[in-house]
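Subject: Structure handover

Hello,

Here is the structure I said I would pass on. My notes on it follow below.

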Amino acid sequence: MTAPLLVAITGASGVIYGVETLKALRRLGAPAHLIISEAAARNFKIETAYSLAEVKAMADVVYDSEDLSAAPASGSFPTRGMIVAPCSIKTLSAIANSAAANLVGRAADVTLKERRRLVLMVRETPLHKGHLKLMAEAADLGAVILPPVPAFYHRPLTILDLIHQTIGKALDQFGIEHSLFRRWGERPEPADE
């Protein structure tokens, strides 16, 4: 059985990145386990038309963000790794400082200590030096910092095209094959020329 990818959605703007990650994993047949922070739960109402129940239904397993006894809090629980999409600065700070006050922080810490891939879609702008320092510290611990910065070589036509390109870059970090965007050097479709 394939180990699940742990997806955490935190309170930064951009919860749609987490939603679309879950949808992509479901389409690809890759198991996804989910943690949603309290702040993220509020952002679904602000930023999307998805209910919390709809988002939870996209995952194979959902954990309470305050349950530090949940499976992902232990290194003996096998995962493919973890993606935090989006990753708030508060969560980034917790990860960089090994502060496991909730399950997102603890699961990220476990992911790092077990030498599994941890991808952080840090969502903040502009960035001050403290934010940059936290990103450098998390990277020094082994995290991959992958902010949702749009690319345009794949000729996006919609916001969803931009979101899918970023999600595709994140899934690449785990070796999950997908066709979420046209890669650099791939020929455009004839209608695009």
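Which residue does H33 stand opposite in β3? H33 stands opposite V61.

Before the rest, some conventions. This is a predicted model, in which local features need pLDDT of at least 70 and side-chain atom pairs count only at pLDDT 80 or more, while totals for chains, interfaces and linings use all residues. Residues are numbered from 1 along each chain as its sequence is written, and side-chain values use heavy atoms, with hydrogens and water left out. Helices (H or I, at least four residues) and strands (E, at least two) are DSSP runs, numbered from the N terminus.

The sheet

The model has an open sheet of six strands in the order β3-β2-β1-β4-β5-β6, with parallel pairing. Its edge strands are β3 (61-63) and β6, each of which pairs on one side only. Two strands count as paired if DSSP finds at least two bridges between them. Strands of a sheet pair through backbone hydrogen bonds, either parallel or antiparallel.

Going along that order, β2 and β3 are joined in the parallel sense by three bridges. β1 and β2 also run parallel, with five bridges, and V7 stands opposite L34 in β2. Strand β1 (residues 5-9) pairs with β4 over four bridges, in the parallel sense; here L5 faces G81 in β4 as its opposite residue. Strand β4 (residues 81-87) and β5 share five bridges, again parallel, and C87 stands opposite V122 in β5. Finally, β5 and strand β6 (residues 144-145) pair in the parallel sense over two bridges, with L120 opposite I145 in β6.

From β5 the chain passes through helix α6 (residues 129-141) to β6, and this β-α-β crossover is right-handed. Right-handed means that, with the strands pointing away from the viewer, the path from the first strand over the helix to the second runs clockwise. Another right-handed β-α-β unit is made by β1, α1 and β2.

Burial

Buried means under 20% relative accessible area, exposed over 50%, and partly exposed in between (1.4 Å probe, protein chains only). Five of the five residues of β2 are buried, so β2 is largely enclosed by the rest of the structure. In a regular strand the side chains alternate between the two faces of the sheet. Both faces of β2 are covered, with A32, L34 and I36 buried on one side and H33 and I35 buried on the other. Strand β5 (residues 117-122) is mostly covered, with five of its six residues buried.

L25 lies in helix α1 (residues 15-28). Its relative accessibility is 0%, so L25 counts as buried. Leaving out residues up to four places away in sequence, L25 touches L5, V7, A30, A32, L171 and I176, where contact means heavy atoms within 4.5 Å. L25 and A59 are 34 residues apart along the chain, and their C-alpha atoms are separated by 8.8 Å.

The largest pocket

What is the volume of the largest pocket? It is about 310 Å³. The largest pocket is lined by 17 residues, of which S37, S88, K90, T91 and N102 lie nearest its centre. α2 (38-47), α4 (89-96) and α5 each supply at least two residues of that lining. On a 1 Å grid over the protein atoms alone, a pocket is an open set of points where a 1.4 Å probe fits, with protein on both sides within 12 Å along at least five of seven lines; lining residues have an atom within 4 Å of a point. Grid points are joined across faces, edges and corners, and the volume is the space filled by probe spheres set on the points.

Backbone details

Most residues other than glycine have a negative phi, and most peptide bonds are trans. The peptide bond from A85 to P86 is cis, with omega near -5 degrees, and P86 lies in strand β4. The bond from T125 to P126 is cis too, with omega near -10 degrees; P126 lies in the loop between β5 and α6.

R115, in the loop between α5 and β5, has a positive phi of about 60 degrees although it is not a glycine. R115 is exposed, with a relative accessible area of 72%. R155, in the loop between β6 and α7 (159-172), has a positive phi near 55 degrees. R155 is partly exposed, at 41% relative accessible area.

Regards
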